Amino acid sequence: MKKVILFNFNGTIVSTKLLAIDIFNEIAKKQGYKEISEEEVLHLSTLSIRDRCKTLNVPIYKMPLVGIAIKRRYQTYIPNLKPVLGISEVLKELKKQDYKLGFLTSNNQNKIDEFLMNNTINSFDYNHYSFNPFSKSKDISSFLKNNRLKKDEVIYVGDELRDIKAAKKNGLFCIAASWGYDSTELLNTGNADFVAKQPKDILDFLSRT
């Protein structure tokens with residue numbers, strides 16, 4: 001049996017970064033946090049979550065609440081968002097090669113179903129929905145347990161340092177997607193097994209393993 005390729009959804013399959021920034025800025029205006037300018041986006045992608053909070057004057061203990069608030073607000077936009085450029089073709093090719101595919105997300109299931117339908121993506125064999133966007137390690141553990149999968153049967157693909165840490169904590173082989181939220185520089189600190197610069201790099205890597 002070929003391995004299961006498990007994707008983090010936001011940032012890896014669908015690009016939500018700019019939308020999240022717009023919604024954060026709306027919250028920042030009301031709460032007195034520092035708004036994110038276009039010029040700061042690249043720099044912020046190199047910082048840890050803690051350092052981003054310091055830069056934006058967000059108390060670290062409030063970050064989970066801010067993250068959940070952002071997720072709640074952009075649910076209505078998800079059905080009309082577009083997949084990351086090239087990811088749909090990669091998903092189709094992986095299915096042709098008999099890989100099983102899954103995703104983790106804290107988005108609303110109905111909204112995800114609409115997104116997949118609107119973009120004619122029907123590649124996934126597994127999914128895992130959670131409420132908290134900051135519970136990645138527990139989500140991966142639950143995914144493995146619920147689907148009776150062993151850690152050596154799954155490869156995880158995520159775009160944030162916390163994705164890599166969560167995958168490593170669960171003993172998974174991990175591919176970092178550098179087109180998402182965190183910079184390649186920051187992702188490299190997590191010691192991912194491979195860093196993909198673009199979606200097709202996943203195919204190139206798997207063909208060599």
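Guide: A residue counts as buried under 20% relative accessible area, as exposed over 50%, and as partly exposed in between. Please keep in mind that this is a predicted model.

Visitor: Fine. How does R73 come out, buried or exposed or partly exposed?

Guide: R73 has a relative accessible area of 35%.

Visitor: How many salt bridges does the structure hold?

Guide: The structure holds eight. One of them joins the side chains of D163 and K136, with an N to O distance of 2.5 Å. That pair also links distant parts of the chain, with D163 in helix α8 (residues 161-169) and K136 in helix α7, 27 residues apart.

Visitor: Are D163 and K136 buried or exposed?

Guide: Both D163 and K136 are buried.

Visitor: Which residue pairs with D204, then?

Guide: D204 forms a salt bridge with K200, and their closest N and O atoms are 3.6 Å apart. Both residues belong to helix α10 (residues 200-208), where a spacing of four residues amounts to about one turn. D204 is partly exposed at 33% relative accessibility, and K200 is partly exposed at 43%.

Visitor: Which side chain joins D139 in a polar contact?

Guide: The side chain of S130 does, at 3.0 Å. Apart from neighbours within four places in sequence, D139 is in contact with L104, H128, S130 and N132.

Visitor: New topic: the sheet. In what order do the strands come?

Guide: The sheet is open and has six strands in the order β3-β2-β1-β4-β5-β6, with parallel pairing. Its edge strands, β3 (126-129) and β6 (194-196), each pair on one side only. On average, neighbouring strands are turned by 20° against each other, direction ignored.

Visitor: What joins β5 to its neighbours?

Guide: Three bridges connect β5 (residues 173-177) with β6, and four connect β4 with β5. A176 has V195 of β6 as a bridge partner, and G158 stands opposite A176 in β5. Four of the five residues of β5 are buried, so this strand is largely enclosed by the rest of the structure.

Visitor: Which strands does α10 touch, and at what angle to β6?

Guide: Helix α10 packs on the sheet, touching β1 (4-8), β4 (154-158), β5 and β6, and its direction makes about 145° with that of β6.

Visitor: Which residues of α10 are buried, and what covers them?

Guide: D201, I202, L203, F205 and L206 are buried in α10. The cover over the buried residues includes helix α5 (87-96), together with β1, β4, β5 and β6.

Visitor: Now the loops. Where is S183, and what does it touch?

Guide: S183 sits in the loop between β5 and α9 (184-188). S183 counts as buried, at 12% relative accessibility. Not counting residues up to four places away in sequence, S183 touches S45 and T46.

Visitor: What should I note about the backbone of D98?

Guide: D98 has a positive phi of about 70° although it is not a glycine. D98 is found in the loop between α5 and β2 (100-105), and at 56% relative accessibility D98 counts as exposed.

Visitor: And what is phi for N191?

Guide: Phi of N191 is near 60°, also a positive value in a residue other than glycine. N191 lies in the loop between α9 and β6 and counts as exposed, at 57% relative accessibility.

Terms used. Residues are numbered from 1 along each chain as its sequence is written. This is a predicted model: local features need pLDDT of at least 70, side-chain atom pairs count only at pLDDT 80 or more; totals for chains, interfaces and linings use all residues. Side-chain values use heavy atoms; hydrogens and water are left out. A polar contact is a pair of N or O atoms within 3.5 Å; within protein, one must be able to donate a hydrogen and the other to accept it, and residues adjacent in sequence count only if both atoms are side-chain atoms. Contact means heavy atoms within 4.5 Å. A salt bridge is a side-chain nitrogen of Lys or Arg within 4 Å of a carboxyl oxygen of Asp or Glu. Buried means under 20% relative accessible area, exposed over 50%, partly exposed in between (1.4 Å probe, protein chains only). Helices (H or I, at least four residues) and strands (E, at least two) are DSSP runs, numbered from the N terminus. Two strands pair if DSSP finds at least two bridges between them. Axes are lines fitted to C-alpha atoms, for helices over the stretch in contact, and angles run from 0 to 180 degrees between N-to-C directions.
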